[in-house]
Amino acid sequence: MSMNTASTPLSRRSLLRGGLGIGALALGGPALLSACSSGSGTSAAADGTTAIDYQLSWLPTTEHSGSWIASDRGYYREGGLSVNFLNGGPNTSPDTVVMSGKALVGGSNADVVSKAILQGADLTVFATRFQKSPFCILSLADTPIRSPQDMVGKKIGVAAINETAFNLLLRINDIDPSQVDVVPVQFDPSPVANREVDGQMVFVINEPTQLEAKGIATHTFLFADHGYAVFSGVYFAKRKTLEENAEQLAAFLRAERRGWEANIADPRLGADLTVDVFGKDQGFDRVQQLLESQTLPRIMVSPDTDASGLLTLPPGTDRAEHPDPQGERARGERGPAVHHLDPRHALTTAKGRTTHDRVGPGRALARDIEAGAATATTVAGTPLALWRSGSGTVHAWADRCPHRGMRLSLGFVRDDRLVCLYHGWQFDTEGSCRHIPAHPDLTPPSVARTVSYRVREDSAIVWVAPVPGAEETSDEIPVDHGPAVPARSVWLDTDRSEALERIRMSETGFEISGNVMTGEVDGVPVLAAIQTVTAERTALHVAVRGDTPAAETVALVVRWARELRERLGAAEAVAS
């Protein structure tokens, strides 16, 4: 029977059939870790934590930013884990590594894991990074391939490990494989750049950004826009691991989620850790890695993750069916091989603090809100979207589209309008919807508007009133402290009162008034804005006071801010 994208798109359900039913599993509380025997991907570390091996799905790029941040900030360790990363690549088969016991957790694409399960591998998927498949066809802008049908009669580069997914795309769109000239390639976009192929199957977050960083104009179409709605970047383990060491997987997933939340808030974190630490020997280009890090939220965040949290499997996958892409059913139906492993309950604070205390305004370094771009922040647990219009003015809105609840911070700026990524609703600088693409002739109703917060931008810091609709006369936003240059933002995993107490003990020469900290670092005047992110998280946005401080001066303060975070983190560990 022929298939086409209009009538029978391949969904997450249709990829995961029979033996891939989901067993619900909600985990909470602290992880109770147990040592495992050798060959299980775990061992007891010298510091008392449990050392586990994580087989990455790919090379150590910003595709794994959440993991880098979880390691750098100690999130794994807080869950009793020490995680060792095993780099992936074109010659690595993560499912084989996990089945051999060389890694406890693996990362891969759902179709690869599914194929392994159908061939007898006793694996289970428990979370997913990407809600939308990053697979795309990359072509040059002057000879674009706009759809699967445009591939007919063309040379398309496909890596061996991606053949299953590529054949599924053809099948979905009723294209005979013989109509496409498939050329074996590796994971380098040069065949497209050199016009050796007409198009190439790649990840939209990887190879296209490599060419863009070199100034090569490209075109891509996503598989997901043509019926291929399959999990990608899934986390998986042996079924026995889930049954016997579920606490370890929950602790691992909690740390991963915290890392990814931090990277979505500040994509530079993952890019810098990739280039400077975890991928240091790879020779990555910082500009390209930042482009990749900034692109990730577009395939990681969805209304499902807004409701259930990053990395969780969307609802409706518990009675899935598999299309058997190889045309052969593996012998014997197996038990559940996909599990909803939900870390949300364990993320709830155990200290019982709330965000009802006076928290003051939100703030961010002005440089982090680029012209014509949007970004996300959180004030007292309230997600906000900050965006700078084409005229340069910064706006702050509740990070929720009034249509379907999509995060507005993932949208894009067109002139003086912010466009929601989900259905393209366009909002003017006052927060009113001005255009709905699905109904171009309709005048949007007046109730179709965002929730706005008052904003004031100093030379270095953007201040946002903590409640919507604050009047211009409100004293919630501090007075302008004069010219300054942004230095660095740091995040502390503690509440505001504890953070301020530790700062007072560590930095005796500083004065704290409300939400502003002032003082000197080796004679350099410094200003820091204090932000309550959540009941358990506080941020400091540090700036060097003065019109044009020297680059060495700013670098000095950046180092101080980094060391301050380390000192306060050490104080937190002692206090706990």
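A: Let us begin with handedness: a crossing is right-handed if the near helix is turned clockwise from the far one by less than a right angle, and left-handed if anticlockwise, and the crossing of α11 and α12 is right-handed. This is a predicted model, in which local features need pLDDT of at least 70 and side-chain atom pairs count only at pLDDT 80 or more, while totals for chains, interfaces and linings use all residues. Residues are numbered from 1 along each chain as its sequence is written, and side-chain values use heavy atoms, without hydrogens and water.

Q: At what angle do helix α11 and helix α12 pack?

A: Helix α11 (residues 268-278) and helix α12 (residues 286-295) pack at about 140°, their axes 8 Å apart. That makes α11 oblique to α12, since angles under 35 degrees count as roughly parallel, over 145 as roughly antiparallel, 65 to 115 as roughly perpendicular and the rest as oblique.

Q: Which residues in α11 and α12 meet?

A: Contact means heavy atoms within 4.5 Å; among the residues that meet are R268 and D272 in α11, and R286 and L290 in α12.

Q: How is strand β28 paired, and is it mostly covered or exposed?

A: Two strands pair if DSSP finds at least two bridges between them. Strand β27 (residues 516-521) pairs with β28 in the antiparallel sense over six bridges, with M517 opposite A528, whereas eight bridges join β28 to the antiparallel strand β29 (residues 537-545). Strand β28 (residues 524-534) is mostly covered, with nine of its 11 residues buried, that is, under 20% relative accessible area with a 1.4 Å probe, protein chains only.

Conventions:
Axes are lines fitted to C-alpha atoms, for helices over the stretch in contact, and angles run from 0 to 180 degrees between N-to-C directions. Helices (H or I, at least four residues) and strands (E, at least two) are DSSP runs, numbered from the N terminus. Buried means under 20% relative accessible area, exposed over 50%, partly exposed in between (1.4 Å probe, protein chains only).
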